[in-house]
Amino acid sequence: SDTINKIAAGEVVERPSSVIKELVENAIDAKASAITIEIKEGGIAMMRVTDNGGGIDRDDIKTAFVRHATSKIETAMDLMTVGSLGFRGEALSSIASVSQIELITKVHRELLGVRYCIDGGEEKSCDDIGCPDGTTIIVRNLFYNTPARRKFLKTAATEAAYINDLAGRLALSHPDVSFKFINNNQNRLHTSGNGNLRDIIYQIYGRDVTGQLLEVDVQGKLCHVTGFIGKPILSRGNRSWENYFINGRYIKSNIITKAIEDAYKTFVMIHKYPFTVFHIEVDPALIDVNVHPRKMELRFNQNEAVYQEIYDIIRAVLEHREL
Ligand code: ADP
Ligand code: MG
């Protein structure tokens with residue numbers, strides 16, 4: 001099962017940023033209102049995610065590291081009908097099999113928390129500890145026991161840049177959660193979590209961006225789109241400022257990306273990429289259930305219709321008219 005876990009880890013854990021995504025999604029599922037992400041050397045040496053969520057009951061700690069152990073659903077359902085971000089129960093076991101983990105967690109009703117250490121999937125210690133409510137997970141030496149995988153990582157600076165980008169997107173996907181990102185002891189990001197998306201955009205991108213936004217709040221037949229699109233002055237040569245979230249998830253969809261870019265192109269005339277922060281709510285019935293373990297790409301079973309609606313909504317906003 002050690003081998004199986006390492007193979008599974010290959011699907012879930014590609015690089016430090018994929019670890020961060022899983023840990024932050026767990027923190028959000030635990031109803032945290034504040035999440036701190038801290039890394040050293042691009043996350044390869046150390047990643048720490050601290051949350052003030054519900055914590056893990058001491059009796060559940062060991063099972064949380066067992067593959068397919070999830071407290072969130074009982075059967076493999078469509079992920080979009082599941083209220084939580086996680087549901088496969090693969091992340092912690094996968095991460096644990098390829099790193100050294102220290103978990104510190106406490107539920108509110110307990111006086112003491114627990115510190116649990118696990119190396120390459122093997123339990124090292126489990127002790128009571130005084131700590132605040134919530135969970136801290138420290139992941140050290142990613143891929144220390146799978147050198148072939150470690151070779152595929154980029155430089156620490158590049159891996160840190162991926163995490164910085166991800167932290168901003170996660171903060172935008174959950175404007176009601178305060179996010180901090182600290183890279184090598186330097187504060188890189190701090191959002192208030194006050195629930196106001198424009199404020200969060202300001203805290204990440206500054207006034208040059210918030211001064212140039214069009215607000216979107218359109219209910220179509222299939223989707224409800226809220227958020228902001230930048231005026232052409234904010235156009236970029238790449239997709240780094242394209243943010244959208246589907247039913248609260250940071251996830252990619254070729255159809256949605258294309259609809260956004262095609263609609264924008266008719267407006268700016270050249271092939272440039274827009275600044276966007278969209279929250280798209282769609283009926284889970286429209287979503288294709290066959291998704292990747294990292295849950296990064298989403299497909300629709302009515303591609304044409306979803307494409308057309310997003311395209312129409314964005315054109316309407318850019319042309320200042322009703323849908
Ligand atoms: P999944 O999120 O798919 O359930 P994971 O492997 O990511 O699976 O996590 C396993 C379990 O560990 C979760 O179902 C949850 O019960 C618990 N857990 C993990 N991280 C946290 C956290 N930060 N706060 C509270 N519980 C957590
Ligand atoms: Mg999870």
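Start by selecting helix 9 and colouring its buried residues: they pack against strand 11 (242-246), strand 13 (276-282), strand 15 (299-300) and helix 10 (303-318). Here, helices (H or I, at least four residues) and strands (E, at least two) are DSSP runs numbered from the N terminus; contact puts two C-beta atoms, placed from the backbone, within 7 Å. You're looking at a predicted model, where local features need pLDDT of at least 70, side-chain atom pairs count only at pLDDT 80 or more, and totals for chains, interfaces and linings use all residues. Residues count from 1 along each chain as its sequence is written, while chains are lettered from A and ligands numbered from 1 in the order in which they are written.

Stay on helix 9. Which of its residues are buried? Pick out Ile255, Ile256, Ala259, Ile260, Ala263 and Tyr264. Buried means 20 or more other C-beta atoms within 10 Å of a residue's own, against 12 or fewer for exposed and partly exposed in between, with C-beta atoms placed from the backbone. Now look down the axis: the buried residues of helix 9 fall within an arc of 155 degrees, so they line one face of the helix. (That arc covers the directions from the helix axis to the C-beta atoms.) An α-helix has 3.6 residues a turn, so residues three or four places apart point the same way.

Step just past the end of helix 9 and click methionine 269, which takes a positive phi of about 75 degrees.

Next, the open sheet: its 8 strands run in the order 5-4-3-6-2-1-7-8, with mixed pairing. Strands pair if DSSP finds at least two bridges between them. Strand 5 (122-129) and strand 8 (186-190) are the edges, each with a single partner strand, so one side of each has no neighbour in the sheet.

Zoom in on strand 3 (residues 100-106) and strand 4 (residues 113-119), an antiparallel pair with 6 bridges. Select leucine 103 and you'll find its bridge partner in strand 4, tyrosine 116.

Over to strand 1, joined by 6 bridges to strand 7 (residues 178-183), the two running parallel. Isoleucine 39 has asparagine 183 of strand 7 as its bridge partner.

Strand 7 also meets strand 8, antiparallel, through 4 bridges; lysine 180 is bridged to histidine 190 in strand 8. These two strands make a hairpin with 2 residues between them, and asparagine 184 in the turn has a positive phi of about 45 degrees.

Last stop: helix 2 (residues 16-29), lying across strand 1 (34-40), strand 2 (46-51) and strand 6 (134-140).

Terms used: Axes are lines fitted to C-alpha atoms, for helices over the stretch in contact, and angles run from 0 to 180 degrees between N-to-C directions.
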